[in-house]
Amino acid sequence: MPAVDVLLPYWGDPELLKTAAESVLAQTFTDYKLTVIDDAYPDPEAGRWLTAMDDPRIEYLRNAENLGVNANFTKALGLATAPVFVMMGSDDVMLSNYLETVMALMDAFPAAAVVQPGVIPIDSDGIPSRSLPDRIKRLAAPKAREARLLQGEMLAASLLRAGWHYFPSLAWRRDVVIPFGFRPEYDVVQDLALLLDVAASGAGMAVSEEPVFHYRRHAGSDSSQRAHDGRRFNEERRFFAAEADRFAALEWPRAARAARLHWTSRLHALSVIPGAISSGSFRTVLPLARHVVH
């Protein structure tokens with residue numbers, strides 16, 4: 001059994017998938033398995049390319065039909081057998097020392113169920129870029145010259161205020177996370193929901209500012225499309241209301257208040273409104289405005 005499962009749910013540009021896979025194969029830490037779960041993407045190029053590599057570290061699986069984001073992530077999670085796993089995006093890039101770094105952090109912080117290393121956002125062309133959401137994440141993320149551990153209400157409240165994590169860059173301890181899994185009712189916030197389940201259980205997150213991962217942000221991503229048509233914010237509104245109730249019941253007042261305010265989610269909706277107006281998507285403007293003032 002490998003020390004790390006790199007799980008890569010796939011749907012999208014085959015060339016970006018190739019770049020992502022090559023970044024995994026270039027890791028200095030070599031005790032891993034890469035599993036690509038193709039969600040029935042119409043272009044067979046990714047599967048052809050991966051199979052032709054004939055690399056024992058790679059397993060390629062193709063769904064008989066498209067499952068959708070959440071169901072494919074859930075399927076990928078069920079394939080994890082190693083003590084540590086990563087759920088990487090099919091358009092993201094690991095720097096060569098990514099696995100080495102997160103495994104060292106796992107060793108340094110035994111109470112951490114998840115590790116968030118430093119991340120450099122990139123655009124569709126692979127150029128470092130700081131969009132408004134990334135600037136907010138950077139401002140809200142915990143600041144520390146050295147790696148540190150966050151736990152309990154501090155972790156939950158911090159994530160609820162800004163969601164400063166980058167899901168594809170996270171490394172998880174399988175034995176802690178598997179009992180929770182992804183909640184089937186969410187497609188956009190399933191990662192934050194899982195992190196809050198971890199926080200509520202008392203487990204922690206190790207965070208480091210050392211950049212070892214490139215997160216690709218582009219307009220064609222599923223989350224971006226859901227933001228522009230308003231579906232993202234409908235889901236977030238339901239989610240934050242439920243989390244406010246949960247953390248109030250746990251008597252974690254700072255976390256409950258952060259969930260009720262969800263100010264970065266509201267600011268995100270506000271930032272989308274000008275684009276909706278300029279593109280003539282007037283039907284989405286009112287729901288977006290309601291989310292801003294909710």
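Buried means under 20% relative accessible area, exposed means over 50%, and partly exposed lies in between. At a relative accessible area of 39%, Pro211 is therefore partly exposed. The structure described here is a predicted model.

Pro211 belongs to strand S9. Setting aside neighbours within four places in sequence, Pro211 is in contact with Leu95, Gly118, Val119 and Ile120.

S6 gives the most to the lining of the second largest pocket, with five residues.

**Nonpolar cores**

The largest nonpolar core has 45 residues, and those with the most contacts inside it are Leu160, Trp164, Trp172, Leu196, Met205, Phe239 and Phe247. Two or more residues come from each of helix H3 (69–78), strand S4 (84–87), strand S6 (112–122), helix H6 (152–162), helix H8 (190–201), strand S9 (204–216), helix H10 (231–249) and helix H11 (253–261). H8 gives the most to this core, with seven residues.

Leu160 is in contact with Leu196, Phe240, Glu243, Phe247, Ala255, Ala258 and Ala259, leaving aside its neighbours within four places in sequence.

**Helix H8**

H8 is mostly covered, with ten of its twelve residues buried. The buried residues are Gln190, Asp191, Leu192, Ala193, Leu194, Leu195, Leu196, Asp197, Val198 and Ala199. The end C-alpha atoms of H8 are 17 Å apart, which agrees with the 16 Å that its twelve residues should span at 1.5 Å a residue. After H8 comes Gly202, with a positive phi near 100°.

Asp5 is found in strand S1 (residues 4–10). Because its relative accessibility is 2%, Asp5 counts as buried. Not counting residues up to four places away in sequence, Asp5 touches Lys33, Leu79, Ala80, Thr81, Ala82, Val84, Phe85 and Val86. A polar atom of the Asp5 side chain lies 2.7 Å from the backbone nitrogen of Thr81. Asp5 and Val177 are 172 residues apart along the chain, and their C-alpha atoms are separated by 14 Å.

Glu45 is in helix H2 (residues 45–53). Leaving aside neighbours within four places in sequence, Glu45 is in contact with Pro14 and Lys18. With Lys18 the contact is polar, side chain to side chain, at 2.8 Å.

The distances given for individual residue pairs are listed below.

| Pair | Atoms | Distance |
|---|---|---|
| Asp5 and Thr81 | side-chain polar atom of Asp5, backbone nitrogen of Thr81 | 2.7 Å |
| Glu45 and Lys18 | side chain of Glu45, side chain of Lys18 | 2.8 Å |
| Asp5 and Val177 | C-alpha of Asp5, C-alpha of Val177 | 14 Å |

Conventions. Residues numbered from 1 in each chain as written. Predicted model: local features only at pLDDT ≥ 70, side-chain atom pairs only at ≥ 80, totals over all residues. Heavy atoms only, no water. Core = buried A, V, L, I, M, F, W, Y, C linked by side-chain atoms within 4.5 Å. Buried < 20%, exposed > 50% of the residue type's maximum accessible area, 1.4 Å probe, protein only. Helix = DSSP H or I, 4+ residues; strand = E, 2+ residues; numbered from the N terminus. Contact = heavy atoms within 4.5 Å. Polar contact = N/O pair within 3.5 Å; in protein donor to acceptor, adjacent residues only side chain to side chain. Expected span 1.5 Å × (residues − 1).
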